[in-house]
Amino acid sequence: MPAASRLYKHMVFGRPLLVILLLCCLTAGMAWYAQYFKLDASADSLLMEGDEELEYSRQINNRYGTRDTVTVAYTPQGELFSQEVFARIARMRDELLGLERVQSVDSLLNVPVFGDTALLSLSENYDTLLTPGLDLAAAKQELMNSPVFSNAIVSADGETTALLVSFARDERYHSLLDTRETLRRLRDTEGLNAGQADQLASVTEEFDAYSALTAQQRHEDIRQIRDILARYQEDATVYLGGAPMIADDMVSFVQNDLTTFSLGVFAFIVFALGIIFRRLRWIFLPLACCAVAGIVVVGILGIMDWRVTVVSSNFMSLLLITTISLTVHLIVRYRQLRATRHFSRHDKLLRHAVLSMWKPCLYTAMTTIVAFASLLVSGISPIISFGWIMVIGVTTALLVVFLLFPAMMSLMPRDTARYDTQGPLALTSGLARFTDRLGNGVLLIAAVVLLLSVAGLMRLKVENSFIDYFSKDTEIYKGMSLFDEKLGGTLSMDVIVNLPQSPALDDGFDDGFDDGFDDGFDDGFDDVGQAANDAYWFTGDKMDEIKRIHDYLDANPQTGKVLSFGSIIHLAEQLNGNAPVDSFVWALLYSRIPETLKESVLTPFVSVSENQVRFNVRVIESDRNLNRNELIQGIARGLQEEFGYAPEQVHVTGILVLYNNVLQSLYQSQILTLGVVLFAIMIMFLFLFRSVRIALLCIIPNIIAALGVLGLMGWLGIPLDIMTITIAAIAVGIGVDNTIHYMHRFKREFHRLGNYRETMYFCHDSIARAMYFTTMTVVAGFSILVLSNFIPTIIFGLLTSIAMMVALLGALTLLPQLLIAFRALGSESHPGDEAKP
């Protein structure tokens with residue numbers, strides 16, 4: 001360490017031009033790699049790798065042929081059921097089908113219209129709305145009341161229709177994914193040999209690169225679809241929905257905010273620094289440090305191919321906070337030394353300021369790293385990446401500030417501006433007087449705040465509502481509201497039920513034709529026999545069970561459209577004169593059902609080989625009473641209680657469930673481990689201040705700051721979701737910085753002054769000003785975020801600003817009063833007058 005210290009002093013203070021040149025070369029190199037910096041727009045970027053539910057969901061998607069889809073909601077200005085509108089829908093459908101990666105488009109035009117067709121008369125040659133001479137009025141009523149198509153293809157009022165755009169399955173993507181997951185499972189169970197380990201590394205690298213390409217392709221697909229839809233907006237209202245679109249739009253909003261508000265935040269920070277310091281150098285130095293640190297971190301992300309998601313997109317704002325905080329502390333310390341040591345040389349003052357601030361700044365960086373390192377145990381890929389990004393970011397900010405700031409200052413002339421400790425912005429002195437006069441009343445106020453925070457924490461909801469991410473005047477909000485109101489919802493989950501085995505079919509159907517004729521000749525009878533066995537799977541009792549489950553799910557007030565074979569059963573009973581369909585007729589229907597219908601109404605919902613059925617349940621995102629976790633658990637529990645299924649027979653899966661699993665896991669890993677993080681920080685306090693009493697007192701304001709922000713969220717009804725869950729780590733990281741800086745200065749000055757209150761006033765006129773200026777600068781910069789259309793950006797700016805102000809108030813009122821009340825540093829050597837006017 002002495003050798004490193006001597007090298008640092010020699011380079012930074014002795015050869016500042018060389019240091020600046022090296023930093024410029026590093027920045028230029030990282031700026032080149034910054035072009036590889038990416039935002040991940042895929043829906044999978046928000047999922048939790050290693051989640052058993054994710055693996056099960058992928059198996060279900062493969063089994064039932066589920067593909068990525070988006071849905072177009074089309075509401076014409078005139079009558080929907082008219083040949084003119086049909087022609088426009090046909091043109092739009094054909095244009096969508098012309099896109100490279102679109103495999104199919106299901107619309108109102110290709111759904112069957114049965115009319116008076118008897119159940120056993122179904123054939124391939126069914127009518128559609130394009131059939132000449134079809135009674136459109138009757139067809140409209142049939143589809144509006146259809147258990148299959150109502151609220152799915154056409155709204156219940158007959159005014160809005162949906163086009164389901166299905167993307168082609170990417171075989172290479174799934175092949176790479178299956179290979180990677182197979183090798184990972186082998187690694188976790190049996191271990192890998194050298195060849196398999198190399199293969200896993202190679203496949204993982206190839207999959208990561210290809211998944212980035214597919215995410216960009218999906219973004220381009222959605223852009224092309226929107227371009228097509230824009231051409232049909234003149235005579236209709238057209239919206240796009242679906243999970244891929246929501247994920248892509250979230251990234252687009254984040255990118256837009258980064259572009260739009262970056263200059264605004266920059267301008268506000270420049271303004272705040274100008275108001276506070278009134279000198280060009282004190283504006284330029286923090287911005288230069290921020291620019292270098294930002295470019296270096298973005299370059300590192302580009303080199304390592306760490307894709308930033310909507311969850312970690314706020315890393316640059318947090319990096320800005322850290323860098324400005326470190327720089328402002330150095331500025332204020334230098335100005336204070338210059339104001340009190342008029343005849344000292346510039347280089348000596350600079351060296352003293354930098355070296356005296358190294359230890360507290362190092363410990364603030366380390367404790368902030370500990371706070372963000374708590375994200376590494378989440379088990380969720382984007383959150384882990386966010387944790388690593390912030391660990392790298394805080395480390396980079398510390399190194400850049402302590403290299404660039406003193407090097408540039410060494411080349412600048414001495415600052416001759418007058419340093420006014422009682423200027424118009426010196427509010428910290430007022431906080432000292434407030435704490436002094438109120439005395440132990442500060443502790444009482446803190447206790448009340450703590451109780452209110454705990455009460456608010458009890459009201460805090462863990463919920464993830466995508467519709468609430470967007471302002472009500474945005475297209476995506478209006479579109480999701482329309483889907484909820486007229487087309488049964490946007491996002492969905494799958495309810496998978498393993499039906500009880502039917503003893504009569506377990507042994508198979510023996511027709512006697514196998515005896516003595518199995519000579520290897522393929523006469524096609526095996527396929528016929530299998531088809532016959534499949535047909536006998538459709539028994540009357542089994543169909544009644546499926547219908548009952550469908551009706552149970554559909555009756556839940558928080559579910560939207562339920563798509564399953566139960567809808568087909570209801571339709572079959574309608575065509576059968578509203579009479580039940582027996583087993584013989586079901587077996588006959590299975591053999592007669594047109595292949596085109598079988599692919600759309602049977603294959604996605606029934607697996608005969610697995611004796612399993614799938615119910616696709618849409619959810620009304622705009623329902624304010626919706627609690628997704630309770631709904632998911634309630635459905636699984638209800639099917640077990642109402643139908644007597646064992647827990648292993650019922651699975652609720654799908655994109656909605658996977659997002660919920662991510663959130664619940666993150667809640668447990670972050671909120672429940674908050675105490676562990678605070679304990680670790682307290683150990684660091686103990687190591688830094690060498691006192692159990694001081695460590696305990698220092699942790700109290702940080703506990704109140706963290707709980708205060710979370711409690712405020714509870715009182716304001718702001719849920720903990722995948723975008724706001726990291727606020728606990730942010731609040732702790734910010735609060736700890738203030739505590740260390742204040743306590744480090746208080747401890748040093750108390751040994752000189754020997755009086756608690758006099759030390760408090762001195763610290764409030766010195767180190768507290770740097771804390772206050774940092775908070776004021778960042779809050780001013782982040783205030784512009786309230787103009788965003790992306791609600792998480794607004795909430796992030798609001799909560800971060802509140803966290804900084806709460807942490808500041810705790811460090812400048814509660815912490816000094818705790819030190820005074822508990823005599824944390826021992827007896828006073830100069831008791832004197834305890835009050836200061």
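**Sheet and core**

Reply: There is an open sheet of four strands in the order β2-β3-β1-β4, with antiparallel pairing. Strands are DSSP runs of E of at least two residues, helices are runs of H or I of at least four, both numbered from the N terminus, and two strands pair if DSSP finds at least two bridges between them. This is a predicted model, where local features need pLDDT of at least 70 and side-chain atom pairs count only at pLDDT 80 or more, while totals for chains, interfaces and linings use all residues. Residues are numbered from 1 along each chain as its sequence is written, and side-chain values use heavy atoms, without hydrogens and water.

Me: Why is one side of β2 and of β4 left without a neighbour in the sheet?

Reply: β2 (102-106) and β4 (236-241) are at the edges and each has a single partner strand, so one side of each has no neighbour in the sheet.

Me: How many bridges join β1 to β4?

Reply: Six, between antiparallel strands, with β1 covering residues 69-76. Thr 75 sits opposite Thr 237 in β4.

Me: Switching to the core. Which residues have the most contacts inside the largest nonpolar one?

Reply: Met 493, Phe 538 and Phe 565, in a core of 243 residues. Such a core is a set of buried Ala, Val, Leu, Ile, Met, Phe, Trp, Tyr and Cys residues joined through side-chain atoms within 4.5 Å, buried being under 20% relative accessible area with a 1.4 Å probe, protein chains only.

Me: And which helix gives the most to this core?

Reply: Helix α12 (residues 381-410), with 16 residues.

Technical notes:
Buried < 20%, exposed > 50% of the residue type's maximum accessible area, 1.4 Å probe, protein only.
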